[in-house]
Amino acid sequence: MTQNQYKFVVLNPSDNVAVALEEIPADETIYLSNGTNITIKSLIEFGHKFSIKKMSKGDTVIKYGEVIGRSSQLIEVGEHVHVHNVEGNRGRGDQK
Amino acid sequence: MSKHTFMGYRRQDGSVGVRNHVLILPTITCATQAAMQITKLVHGTVSFIHQHGCAQVGDDFEQTFRTYYGIGANPNVYGVVVLGLGCETHQAKNVATELKKTGKPVELVSIQDEGGTLDAISRGAKVAAKMVREASSQRRVPCEISDLIIGTECGGSDACSGLSANPAVGRVSDLLVEHGGTAILAETTELIGAEHLLAERAVSEQVSKKVYEIIKSMEDRAIKAGVDIRTGNPSPGNRRGGLTTLEEKSLGAANKAGTSALQEIIAYAEKPTKKGLVWMDTPGQDIEQLTGMTAGGAQLVLFTTGRGTPTGSPIAPTIKISTNTPLFKKMDDNIDLNAGGIIDGTESIDDVGEQILHEILEVCSGKLTKAEILKQHDFGIWRIGPTF
């Protein structure tokens with residue numbers, strides 16, 4: 001099997017998410033440049049993110065080497081990272 | 001001729017237009033229907049529908065006035081027929097008086113003074129027709145890229161926006177700045193979470209401080225509303241495109257600003273006082289942002305999109321750039337250029353930047369954008385106060 005058959009990008013070495021540059025089906029294996037392998041837990045649509053590091057609830061989510069929010073629940077490696085498990089930190093008038 | 005030259009219209013005040021419109025400027029919503037009728041009668045005229053111009057006060061009144069003035073003063077406009085009703089808060093005659101100071105032809109028509117809609121249309125059409133004939137005798141002359149103010153905007157963003165089209169626009173922004181032009185970054189809402197990166201590039205402590213001030217002011221609006229800003233931004237389409245939080249969207253949006261130093265922060269619809277990269281304080285709402293930048297003097301707008309939008313301005317060509325190749329293929333009616341090659345791995349950010357720059361010079365010399373061909377004349381003023 002060819003390594004890195006699915007296109008994705010990790011934008012900054014400190015990121016804990018990767019961006020799928022094409023649809024990646026569940027159970028596929030992704031090969032990171034640091035030598036580790038990741039099993040994708042559920043289908044990742046084009047442009048969507050998956051976790052490359054385990055995150056506990058409340059952990060900072062990093063993309064572009066910058067903070068994009070915090071996890072609202074435990075996120076295992078290979079999970080889809082999106083609105084169901086990430087909260088924004090900014091413009092939160094609902095959290096006074 | 002140098003590599004970065006185009007053929008534009010040199011105005012009396014030294015500014016350069018890339019279009020030669022006669023604008024029918026309705027300064028009150030009550031006059032917009034008559035204004036649209038005039039555009040149907042007279043070739044070469046443009047106008048727009050809006051809901052503003054009466055029972056506005058204070059800063060909100062000033063901002064709307066500044067927008068009317070700025071749209072008329074934009075160098076893409078040869079002359080203006082200011083069309084009012086007569087009894088409204090935003091008096092057409094005051095807008096006309098200010099516009100006359102630019103030296104361009106300005107005529108004033110009032111529906112109440114003319115004795116009703118049909119007579120106002122008749123007189124408006126007559127003065128507009130005369131203006132169009134004069135405008136058509138003006139010739140394009142060689143102009144420099146340093147004569148340009150280019151607005152940058154992203155709308156209907158997806159996760160590719162921050163990877164392809166926005167960095168390519170950032171490259172163009174840097175090239176424009178290097179050659180002495182002006183690039184406008186805007187949509188303050190969609191820079192929340194990326195403000196520190198721009199503040200670092202501010203030319204002075206004062207500008208850096210102002211970055212944090214306008215961000216706080218915008219964020220405080222959401223906080224005062226008692227809602228999570230994510231209920232409105234990122235939009236449902238942004239989220240479907242893979243954007244999870246406003247901060248993530250902002251970090252992608254900030255790429256449009258390239259790497260140049262941030263010269264100043266300007267108010268909505270205000271003309272930049274400096275060359276180089278400037279930041280106009282506008283909301284993220286696409287049409288309000290577009291209107292603000294063109295009222296600030298932008299002759300052309302670069303607009304990136306991942307979901308696909310038809311957006312265009314009545315007076316400024318808007319070059320639509322897709323962030324991904326499937327969108328470029330799907331919405332061929334609306335999208336001018338594709339940055340999706342960067343995602344596909346077939347093109348570099350510099351390659352796409354060069355293509356955009358080439359297209360800018362073509363469009364500034366007269367090539368029509370798809371939004372212009374489809375008469376997508378969007379106009380919306382950022383209201384910052386209630387109506388009374």
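1. Helices here are DSSP runs of H or I with at least four residues, strands are runs of E with at least two, and both are numbered from the N terminus.

2. Keep in mind that this is a predicted model, where local features need pLDDT of at least 70, side-chain atom pairs count only at pLDDT 80 or more, and totals for chains, interfaces and linings use all residues. Residues are numbered from 1 along each chain as its sequence is written, while chains are lettered from A and ligands numbered from 1 in the order in which they are written.

3. Chain B splits into domain 1 (21-136) and domain 2 (143-373), with bounds from an automatic or database domain assignment. Their centres, taken over C-alpha atoms, are 29 Å apart.

4. Between these domains, 14 residues of domain 1 of chain B are in contact with 13 of domain 2 of chain B (contact means C-beta atoms, placed from the backbone, within 7 Å). On the domain 1 side, helix 2 of chain B gives the largest share, 5 residues.

5. Back in helix 2 of chain B, the buried residues include Phe65(B), Tyr68(B) and Ile71(B) (buried: 20 or more other C-beta atoms within 10 Å of the residue's own, with C-beta atoms placed from the backbone). The buried residues of this helix pack against strand 3, strand 5 (77-84), helix 3 (92-100) and helix 11 (286-295) of chain B.

Note on methods:
Contact = placed C-beta atoms within 7 Å. Buried ≥ 20, exposed ≤ 12 C-beta atoms within 10 Å, placed from the backbone.
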